[in-house]
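Let us take a friendly walk through this structure, one feature at a time. Keep the 3D view open while you read.

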Amino acid sequence: MSSDFMALLTIMATFWLAMFVIFVMLNRGIWVFTDVSKSMSMFMLEKALGPAVDFVEGRKGSGAKTWIMHGALWLVPSSFFTFSGLWVAHDPTALNSLSSWGYSPSSEELILAGNLTALHGAVAMLLIGAGMHIVPKLGGTNLASERNAALMSFVWTLSVAIMMVGAHSPQLLGIKVLFVGTMIQSLVVVAVIVNQLLTASSRTRKMPLPAWLIIIGLVSYPVALSVVLISGEIETGLGQWALVRMVGGAFFFMQVAGVSLYAASIGTGNQLWSRSLSAVILMGAIFTLNPLGDNTGSIAAGLLGLEQGILEASNTDVIAGSFLMALAAIPIIALSSNILVTMRGDDVFVENPDYPGMPEINLGGLMLIPLGIGALFVQTDSITSTNELAGISGTIFLMVSWLLMIPLSLGPALAIFPEVSGRSLLSNIRSRWAFWMMAGGAFSGLLMTLMADFSDMALLEIDSESNLDGISKEIRVIGSVLFYGTVIGSIMHCLNIISGTFRGSISGADQPTSSTSIGQESFKLTSGTTVRKILASGAGLDTEVVPTLQTDKPGSKTEL
Amino acid sequence: MEEGASIEIGEFIQGEGEPATSWLFLVLGFVSSITFLVLYGILYPGNDLPVISSMLPMFEGVFDSGIWFFILGLMVGVFAILGTMLSEATSE
């Protein structure tokens with residue numbers, strides 16, 4: 001009993017110590033090895049790749065653009081796998097005709113494929129792509145290696161494709177497929193981390209907290225894995241569960257926080273509301289166990305090619321784990337409030353709501369708290385081995401993916417896309433339609449599925465052998481059909497992004513979605529506003545403020 | 001042709017407009033294909049069509065479940081994405 005207690009706190013304490021050491025090294029360097037490591041790292045990023053590096057041109061922003069495009073494209077298969085999984089759950093024979101091709105997926109396999117492609121494909125690639133633009137921008141420098149960044153996106157996509165196959169067939173020809181995908185992805189993570197660290201080392205000004213959130217979030221992925229491996233708990237249920245919490249809370253949550261805080265500010269033109277809350281998010285994400293995510297360690301075990309361990313938690317495990325997860329409410333609430341207030345400024349309405357990505361960020365900010373609380377209940381139920389809420393854990397995980405992670409990664413990617421590619425999206429109206437299809441489909445579809453889960457749980461509690469083909473099955477049918485809106489929305493987003501890359505208006509030349517026309521030389525004052533907003537929008541002390549009753553916005557009145 | 005005389009190479013000309021009757025040949029080709037398929041069925045009764053007949057069993061269960069209409073929609077969407085990529089990259 002005491003060894004289990006020590007195991008959980010030992011893992012966490014080691015993780016905290018490692019992150020602290022890394023943070024100090026990032027700021028102070030590594031003594032005499034700093035310059036040597038920089039030049040060696042740069043060599044490994046570009047020259048060591050050999051002739052492959054000549055396939056890419058290395059233009060500014062190409063790395064971020066490639067990662068964002070890949071991430072957006074992964075939304076389509078991930079949404080469809082999830083939709084198929086929800087459908088097959090109530091109609092197991094729906095895909096039987098594919099068995100003639102050797103493909104007979106179950107609902108669990110399809111849902112797992114959907115979750116892996118959504119998190120590791122769409123979310124991770126959108127976050128990394130956005131981070132490759134944000135960190136150099138906030139550091140006043142350029143990305144260390146655009147070529148390596150662009151190339152690594154293809155390798156990451158390959159690893160996600162392997163994971164997609166591995167979700168259906170964990171073992172092929174004696175090879176653990178998911179483990180192969182994880183190894184390839186780990187290689188790419190190292191390359192991305194080195195690229196970002198080199199970028200940060202050449203910064204010309206003090207980096208704001210969103211950039212540090214992104215960097216620390218990236219670094220935490222290999223650190224968390226190493227800590228659990230060194231602790232010897234990787235094959236136990238407790239170690240695997242703790243690894244999922246740490247990766248979810250640090251790698252995913254911190255990056256989501258960094259990119260969404262940046263995008264909320266630049267998209268609305270408001271400055272970031274609170275630096276203190278940003279610091280709370282950074283510290284809280286490291287020192288707590290984030291409840292958002294899978295309630296077992298099965299994903300960690302599968303990706304590492306291990307057998308899933310049984311989660312046997314002692315009383316002290318339960319107290320420590322529950323306490324650390326409850327504390328995670330602090331960074332979650334801090335992030336939600338910081339996003340929502342930054343987007344709104346002085347009143348309750350979102351400023352510049354037509355700017356691409358703003359609806360997604362708003363949705364994610366609103367869903368942080370309810371899903372955080374719901375996930376906390378599910379995780380606490382799981383760690384206490386009560387398992388009364390096990391029936392809804394899968395749907396809660398899907399909600400976290402599609403109503404929180406994906407909006408808070410896709411929204412910032414859409415918002416920074418004009419800066420990254422030099423062109424706006426093809427149509428802001430289509431972007432809004434795509435948002436309503438995705439958000440409406442995910443929210444309504446998963447809510448219906450959650451209702452069906454509660455119905456099944458109630459029936460099974462009364463009679464463990466009761467027939468579940470009643471009203472809950474009909475509700476599941478409705479839920480799966482509604483979720484198809486997410487598939488349509490993801491296709492629409494992809495089409496909008498791809499067309500915008502080629503035919504979108506040149507960024508900066510035409511900004512029809514901006515509510516004010518702001519240039520460095522002049523600022524047209526069309527209505528009452530604050531000095532804070534004028535300065536936050538890019539104007540400086542030498543900018544001429546010109547009061548006027550007319551704007552350049554198309555369709556506005558003209559004074560005669 | 002005299003020895004040593006220069007050869008003038010004409011310029012490649014391609015019209016931009018589509019002739020009004022080009023559709024006639026497309027229809028002729030389609031009707032010919034259908035005719036040959038019917039002829040195959042008459043000349044070789046009881047024999048399955050090559051390739052096509054081995055793929056048809058996959059579609060036997062298509063209308064057993066409504067998911068296939070949604071899969072059809074996904075296929076339209078995926079090909080729309082691919083088509084958009086190709087057309088945008090090659091358009092002038």
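The second largest pocket holds about 1,400 Å³ of space. A pocket is an open set of points on a 1 Å grid where a 1.4 Å probe fits, with protein on both sides within 12 Å along at least five of seven lines; lining residues have an atom within 4 Å of a point. The lining has 49 residues, and A:Ser107, A:Glu108, A:Glu109, A:Ile111 and A:Leu112 are the closest to the pocket's centre.

This is a predicted model, where local features need pLDDT of at least 70 and side-chain atom pairs pLDDT 80 or more, while totals for chains, interfaces and linings use all residues. Residues are numbered from 1 along each chain, chains are lettered from A, and side-chain values use heavy atoms.

Here is the make-up of that lining.

| Kind of residue | Number in the lining |
|---|---|
| Nonpolar | 19 residues |
| Polar | 20 residues |

Helices are DSSP runs of H or I with at least four residues, and strands are E runs of at least two.

H5(A) has 23 residues and spans 34 Å from first to last C-alpha, close to the expected 33 Å, which is 1.5 Å times one less than the number of residues.

Now for chain B: 3 helices and 0 strands make up its secondary structure. Of its 92 residues, 14% are buried, meaning under 20% relative accessible area with a 1.4 Å probe.

Conventions:
Points joined across faces, edges and corners; volume = space filled by probe spheres on them. Nonpolar A, V, L, I, M, F, W, Y, C, P; charged D, E, K, R; others polar. Buried < 20%, exposed > 50% of the residue type's maximum accessible area, 1.4 Å probe, protein only.
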